[in-house]
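Please examine the sequence and the structure shown below.

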Amino acid sequence: WRPGVTASHGKSWVTEPRMKSSRRKSTESTRLLPSGGCPTCYCNLRKNILNLSEYEVTTRSSINEINLCDFIGFDLILLDIMMPLNGLDICRQIRSEINVPIIFITAKDMEEDLVDGIEVGADDYITKPFTVKEFLARVKMHLRREDRNKDKKNIFDFDKVKVDIDLQSVFIEKKKVKLTKREFLIVSTLASHSNKVFSIEEIYNRVYPGSSDTQFRSISEYIYQIRNKFKAYGINPFETMRGGGYRWNIQSVSAD
């Protein structure tokens, strides 16, 4: 599959296309998230343009807080500065964990807004009004660039355990481990920084990057669930550190 796209308007977020390609897996897509001051007909036009270009479109609605898990698994993200949740704030909070291109779609052309977007990690700007050719050309340009970068596999290989960031999957002895999005986020965070000790607060901030009423103890529950899933293969992926926190350290355990 080739990427998907996401659009949003009012308080809805619309995730749009994936495109067919021999390189892409069906688990991948591209999100463009245009919203705020975007009439429904205008957003539908963008969605139709992307569908006609063979993108797969996924929709999300009623997003009330920034949840990193909502941005995982896509190839490109489009944000509008004037979203109900400010696009700059969203980009600022997800940029350190999301490596795909982020493009702002906005009617604002003030220099300070362009600078702000670049400073928080945006890769490009598309200013409304824009032509169909320009819109598709910008999207395809960034996706081609990503294709070139993805020729370098983003896989962390620990002998029996492989963590594939692009596929958002973990394999133990070539068997896929069923993990939730947040479980995978915890696994990939620790596996990609295998020499670092993460405090519970650091893990919490990655799993819940926006404001959340969820308590810290939910992280311990996630760790417990992940360990149980790995235990079936005789593996414990985490070392509990004295004074609190966890580190990626694969150890053999008795499988039940």
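The dialogue that follows takes up one feature at a time.

Q: What kind of model is this, and how are its residues numbered?
A: It is a predicted model, in which local features need pLDDT of at least 70, side-chain atom pairs count only at pLDDT 80 or more, and totals for chains, interfaces and linings use all residues. Residues are numbered from 1 along each chain as its sequence is written, and side-chain values use heavy atoms, with hydrogens and water left out.

Q: Where is Tyr 233 placed, and is Tyr 233 buried, exposed or partly exposed?
A: Helices (H or I, at least four residues) and strands (E, at least two) are DSSP runs, numbered from the N terminus. Tyr 233 lies in the loop between α7 (217–231) and β13 (235–240). Buried means under 20% relative accessible area, exposed over 50%, and partly exposed in between (1.4 Å probe, protein chains only). Tyr 233 counts as partly exposed because its relative accessibility is 30%.

Q: Which residues does Tyr 233 touch, not counting residues up to four places away in sequence?
A: A contact means heavy atoms within 4.5 Å. With that exclusion, Tyr 233 touches Ile 172, Lys 175, Lys 176 and Val 177.

Q: Which residues of the largest nonpolar core touch the most other members?
A: A nonpolar core is a set of buried Ala, Val, Leu, Ile, Met, Phe, Trp, Tyr and Cys residues joined through side-chain atoms within 4.5 Å. Among the 45 residues of the largest one, Ile 94, Val 163, Ile 186, Phe 230 and Trp 248 touch the most other members. Helix α5 (residues 181–191) gives the most to this core, with 6 residues.

Q: How many bridges join β13 to strand β14?
A: Two strands pair if DSSP finds at least two bridges between them. Here 5 bridges join β13 to β14 (residues 246–252), and the two run antiparallel. Asn 236 stands opposite Gln 251 in β14. The two strands form a hairpin with 5 residues between them, and Gly 243 in the turn has a positive phi of about 90°.
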